[in-house]
Amino acid sequence: MHEEEDGGESTSGPGPRLEASTKAAGDGVDGEAPKEQTSKLCGFLSKLSGKGPLRGYKPRWFVYDPRKCYLYYFKSPQDALPLGHIEIGDAYFIYDVEAEEGHFEISTAGKEFLLKASSKQVMHFWLQQLQQKRWEFSNSRGQRNSWSSPTLANPISGLVAKDNDAFLFEKLSDSMEKVRSDFAMESEKEGGGTVGIQSARGTATSTNTLNFSLKNFGTELRNSMSYLRPGKGGESRRSVFYTGSNSSADEWELVDAPPKDFPEHKHHPDAYRHSFGSAFDFVRTSSKPKRPLLRDMMGSGKFGRNAETRSAESSPVEFNGKSLEMQLHLQSQQEDVCSMQQEQAKLKEELASQKELVRLLQQTLRTSQCDRQPAHHPVPPPDQSSTEFDQTHHASVSPEEVARLEAQVQERDGQIQSLCGHMERLALEKESLQQELRGLKIKVGEINDQLGMLMETIQAKDEAIIKLSQQSSELSGTQNDGSPPPGKEQQELDILKDSLQGYKSQNKFLNKEILELTVLRRNAESREKALEAKYTALEAKLCQVESKYLVLLQEVKNPVCSSSEQSPAREVISRLLEDALQLESPEQEEHTVFRPNTVSEYDVYGFKTLPEEEEDEERLVAKVRALELKCLSMTDQEVSVGVKWENYLAGTMNRNLVRSPELKALIRCGIPHEHRSQLWRWCVSVHVKKFRDHLAADYYETLLNVARDKPNPALKQIELDLLRTLPNNKHYSSPSAIGIQKLRNVLVAFSWRNPDIGYCQGLNRLAAIALLYLDQEDAFWSLIAIVEVFMPRDYYTKTLLGSQVDQRVFKDLMSEKLPRLHAHFEQHKVDFSLITFNWFLVVFVDSVVSDILFKIWDAFLYEGPKIMFRFALALFKYKEEEFLKLQDSTTIFKYLRYFTRTILDSRKLMNIAFVDMNPFPMRQIQNRRAFHLEKVRLELTELEAIRQTFLRERETSQDRRSFLSDDDEEN
């Protein structure tokens with residue numbers, strides 16, 4: 001049955017593309033690429049899905065995930081969640097030569113996926129790449145410690161990666177690889193240039209209305225919502241609204257609203273006819289082509305007169321000269337009409353401006369006349385007769401002023417007359433232009449009528465030409481029926497050669513597919529036999545354990561008469577203890593399949609499981625603890641967390657990691673061992689980006705070169721502490737251990753980076769834990785993130801001021817979150833800060849079991865220093881009832897020193913830390929730090945003053961500076 005997971009989409013869309021490209025693993029938030037790069041197979045293919053009328057090929061973005069050998073497919077390269085996946089590890093591939101070019105099929109258990117590539121070469125490239133990925137995945141199955149654990153898309157870095165290389169498998173013979181290469185098909189390298197990561201950026205999204213998935217509607221909705229999240233800047237989003245059902249309907253594009261500081265463009269008044277009154281601009285993009293001009297129609301072959309069509313006809317007919325001249329004449333007249341209309345528009349504008357000028361001059365004239373009238377005829381005062389006023393006025397106005405005013409009046413009269421004449425001329429010119437315009441309109445109408453008649457004539461001639469061409473082709477076909485056309489045999493021969501080449505390629509591909517499937521089947525049978533043998537060994541081991549357990553119960557049941565006698569029960573118990581404390585022998589370690597023992601000498605982090613120098617009872621307790629940890633790591637909840645991580649990382653294949661509530665919740669559950677390197681590297685890069693952006697790329701190497709050339713005052717103390725860092729970890733247990741030199745480099749480089757601190761005891765353990773999962777340079781930057789970003793100043797200086805402040809803050813939180821336990825400690829005068837001080841200084845290294853330690857570090861590198869307060873409170877909350885039962889200060893303090901090693905259930909501990917301790921705002925911790933910082937500084941100042949006073953008194957006292965022996969005193 002064919003797979004129909006996509007729902008129904010249309011067949012239109014971009015052509016299929018692919019890529020086997022190189023992409024940085026675990027890209028940071030800001031595009032920062034780590035050093036490790038892995039080959040990534042991705043690209044566009046069309047996938048057949050849907051039902052009924054919606055069934056067809058839809059373009060999908062395919063990405064290969066090497067962790068599970070899955071081929072995920074997305075609707076677009078920007079989607080976060082896949083629509084589905086194809087299991088390549090157990091699939092086989094096939095294609096048909098006679099089918100449409102680029103079609104091939106992937107068949108898995110119960111499902112068939114029909115895919116289509118853009119060309120035959122691209123199809124061959126995809127098939128070869130998928131065969132190679134399946135081959136690599138199958139050969140790596142035996143190299144993993146667990147048969148169900150996934151392979152790693154981003155290989156583990158750091159010291160724990162060396163342990164993963166310990167699982168050696170039998171390499172394939174050279175002859176097998178030679179046979180596989182002989183059967184390999186010839187294909188263009190990297191898909192012929194249409195490659196994936198680059199093609200994802202340059203691919204246009206399909207605008208077909210049916211390009212959606214009904215079955216995965218929820219996934220597509222979440223993918224759409226992910227585009228609207230903040231922090232996705234730079235991506236252009238458009239929504240297309242269709243106003244009709246046919247393909248030629250108009251489309252409206254919803255364009256993002258411009259920013260506030262961006263100047264708005266003025267639209268044509270018609271543009272507001274379709275406005276919806278929203279903050280977005282709707283731009284009409286009609287799919288109908290505009291009506292072309294006559295010369296465009298002639299050039300493009302409109303109305304069946306295309307030059308290419310005419311040349312293909314068997315009996316071409318030429319137009320007569322008169323029709324062609326008439327068309328050219330009409331075209332020239334049309335251009336003249338357009339130019340005259342433009343000139344008319346210019347004249348109208350000029351006329352409007354002249355009218356405005358006349359209006360202004362008339363207004364000026366009226367104003368001057370109003371001013372002139374009162375100047376010649378002033379109004380007499382009310383208490384004076386007109387005769388007296390005239391006499392006074394004539395006496396005050398001089399003859400020169402009268403003459404000047406008369407000259408101005410005459411000049412204004414002349415201007416008025418000239419303006420009136422100009423207005424009359426403009427009116428006449430306007431009337432003549434209107435008459436000319438009416439004549440041009442009549443002429444244009446006549447030309448349009450002539451044009452319509454000519455079009456009908458041309459159409460009739462085109463129909464006649466088509467009929468004559470058909471008749472000519474029929475006559476030529478009738479004449480040539482008796483003899484085959486020249487070159488037909490050659491064409492058939494070429495077709496047969498192409499088919500032969502296609503069948504040869506198919507034969508090579510199928511032979512290779514059969515060969516690989518045979519080898520894969522044999523490998524599967526070998527794995528099955530090995531699993532059966534392991535199951536048998538485990539069953540035998542279980543029977544032995546049950547028999548010993550029953551013997552022990554039987555012996556314990558019998559009463560012991562005398563303690564001095566060597567009873568059989570004691571012998572049985574001693575023998576059972578010896579058997580229980582035995583580790584795997586070297587012979588067993590060589591055969592990793594036959595490993596019934598679940599506890600090895602070292603855990604996955606390199607820490608020693610059972611101490612050698614301790615007594616048998618303590619070693620037995622250590623093994624019980626290791627067994628309990630192993631059982632807890634195999635619970636359904638742990639498996640569920642691993643599945644959630646796989647699903648989340650599969651959703652980030654098309655995008656970089658970003659800080660989000662979903663990622664925060666997953667990290668609080670703990671990062672799986674196989675993904676911890678990638679996530680730690682990303683967390684560190686986020687926190688130190690502000691430093692690295694302003695430094696050279698070889699900054700770490702530069703510091704190491706400086707350390708080689710110049711003596712470092714901190715180097716002596718660093719050398720003393722190297723072997724004391726983690727003596728119970730095999731990577732740091734001896735001077736020749738591989739981690740010692742790396743730890744030395746990181747600490748020396750940091751001492752040159754931060755000379756204010758140089759080196760402080762505690763930094764070595766922080767760097768050692770980071771080196772377990774990170775390379776040297778990344779561990780160096782993780783140390784910078786902890787010391788210079790997370791922790792307050794003076795946390796690792798000589799005074800340890802920041803550490804002292806945090807202890808007082810923690811005491812406040814203890815009294816607030818755990819009041820009963822805090823009061824119990826106060827009652828018995830137990831200072832728990834003597835124990836918790838080291839917790840905070842080295843972030844719980846050597847204080848809790850390794851599984852819990854690394855889960856604390858996961859959250860610590862993501863969220864910062866408040867994680868230390870959360871887990872410190874959670875540890876006390878976990879054992880609160882046990883502490884309350886103790887009523888002696890000595891017993892309480894003794895229990896304080898080792899109680900954290902008895903906590904094994906990380907799920908319960910994390911639930912207390914992240915649920916029971918809420919709310920836990922960082923602002924509260926910062927405020928309390930600031931409060932206690934002043935108090936500690938004042939106390940340190942007082943202590944320094946007391947110390948100085950004591951030194952002065954000792955220097956001034958002669959009795960303290962001289963020492964007399966007993967003999968001197970007697971003399």
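This is a predicted model: local features need pLDDT of at least 70, side-chain atom pairs count only at pLDDT 80 or more; totals for chains, interfaces and linings use all residues.
A salt bridge here is a side-chain nitrogen of Lys or Arg within 4 Å of a carboxyl oxygen of Asp or Glu. I searched the whole structure and found 22 salt bridges.

I noted the ground rules. Residues are numbered from 1 along each chain as its sequence is written, and side-chain values use heavy atoms, with hydrogens and water left out.

Confidence came next. The protein averages a pLDDT of 75, and 67% of the residues score at least 70.

I looked up Glu 777. Its side chain meets that of Arg 692 in a salt bridge (3.5 Å, N to O). Glu 777 lies in helix H23 (residues 776-790) and Arg 692 in helix H18 (residues 689-692), so the pair ties together parts 85 residues apart in sequence. Helices are DSSP runs (H or I, at least four residues), numbered from the N terminus. Glu 777 is buried at 17% relative accessible area; Arg 692 is partly exposed at 22%. Buried means under 20%, exposed over 50%, partly exposed in between (1.4 Å probe, protein chains only).

I then checked Glu 880 and Arg 820. Their side chains form a salt bridge (3.9 Å, N to O). Glu 880 is buried, at 5%, whereas Arg 820 is partly exposed, at 48%.

Last, I looked at Arg 724. It pairs with Asp 721 in a salt bridge (2.4 Å, N to O). Asp 721 is buried, at 3%.

Technical notes:
pLDDT is the predictor's confidence in each residue, from 0 to 100. Helices (H or I, at least four residues) and strands (E, at least two) are DSSP runs, numbered from the N terminus.
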